[in-house]
Amino acid sequence: DGYKIRTVLYDCYATAANSGETPSLEGYKVPYERRDVCIAGEDSDDNDGRRFERLALHLEPRGPRGTFMKIDVEGAEWA
């Protein structure tokens with residue numbers, strides 16, 4: 001919040017429908033956006049109805065500069 005950076009949370013596992021509020025983002029003064037999709041190598045839906053979308057799809061409209069990212073890959077960093 002101190003850096004005044006707008007946050008976008010992508011999470012298809014802990015969605016607004018199944019987890020309610022997002023404690024890690026509540027109380028921010030800078031507006032944030034929550035998207036109930038996960039980032040993947042290709043667009044798809046899994047058998048549990050979770051939506052996965054390509055990272056490029058979300059970076060494309062942001063232009064060539066000014067995007068900071070933090071990615072939590074739910075243990076897949078060791079896969």
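I began with Ile39, which counts as partly exposed because its relative accessibility is 34%. The classes I use are these: buried means under 20% relative accessible area, exposed means over 50%, and partly exposed lies in between, with a 1.4 Å probe and protein chains only. The model is predicted, so I note that local features need pLDDT of at least 70, side-chain atom pairs count only at pLDDT 80 or more, and totals for chains, interfaces and linings use all residues. Residues are numbered from 1 along each chain as its sequence is written, and side-chain values use heavy atoms, with hydrogens and water left out.

**Entry: Ile39 and its patch**

I placed Ile39 in strand E3, residues 38-40. Strands (E, at least two residues) and helices (H or I, at least four) are DSSP runs, numbered from the N terminus. Ile39 also belongs to a nonpolar surface patch of about 400 Å², together with Leu55, Met69, Ile71 and Val73. Patch members have over 30% relative accessible area and no salt bridge; nonpolar side chains (Val, Leu, Ile, Met, Phe, Trp, Tyr) are joined within 5 Å, like charges within 9 Å. The areas come from the Shrake-Rupley method with a 1.4 Å probe, and for residues only the protein chains shown count as cover.

**Entry: the disulfide**

I found one disulfide in the structure. Cys12 and Cys38 form it, with sulfur atoms 2.2 Å apart; the cut-off is a pair of cysteine sulfur atoms within 2.5 Å. Cys12 sits in the loop between strand E1 (7-10) and H1, Cys38 in strand E3, so the pair links distant parts of the chain, 26 residues apart. The link of Cys12 and Cys38 is left-handed, with -100° about the S-S bond. Are these cysteines buried or exposed? Cys12 is buried at 3% relative accessibility. Cys38 is buried too, at 10%.

**Entry: Glu53**

Next I looked up Glu53, in strand E5 (residues 51-54). Glu53 is buried, because its relative accessible area is 15%. What does Glu53 touch, not counting residues up to four places away in sequence? Its contacts are Val37, Cys38, Ile39, Ala40, Asp43 and His58. Contact here means heavy atoms within 4.5 Å. The side chains of Glu53 and His58 are joined by a polar contact of 2.7 Å. A polar contact is a pair of N or O atoms within 3.5 Å; within protein, one must be able to donate a hydrogen and the other to accept it, and residues adjacent in sequence count only if both atoms are side-chain atoms.

**Entry: salt bridges**

I counted seven salt bridges. The rule asks for a side-chain nitrogen of Lys or Arg within 4 Å of a carboxyl oxygen of Asp or Glu. Glu53 returns here, in a network of salt bridges with Asp45 and Arg51. Arg54 pairs with Asp43, the closest N and O atoms being 3.5 Å apart. That pair links distant parts of the chain: Arg54 is in strand E5, Asp43 in the loop between E3 and strand E4 (44-45), 11 residues apart. Arg50 bridges to Asp48 at 3.1 Å between the closest N and O atoms. Asp48 is exposed at 61%, whereas Arg50 is partly exposed at 22%.

**Entry: Ala16**

Last, I turned to Ala16, in helix H1 (residues 16-19). Ala16 is partly exposed, with a relative accessible area of 41%. Ala16 touches Arg34 and Asp36, not counting residues up to four places away in sequence. Asp36 and Arg34 themselves form a salt bridge, with closest N and O atoms 3.3 Å apart.
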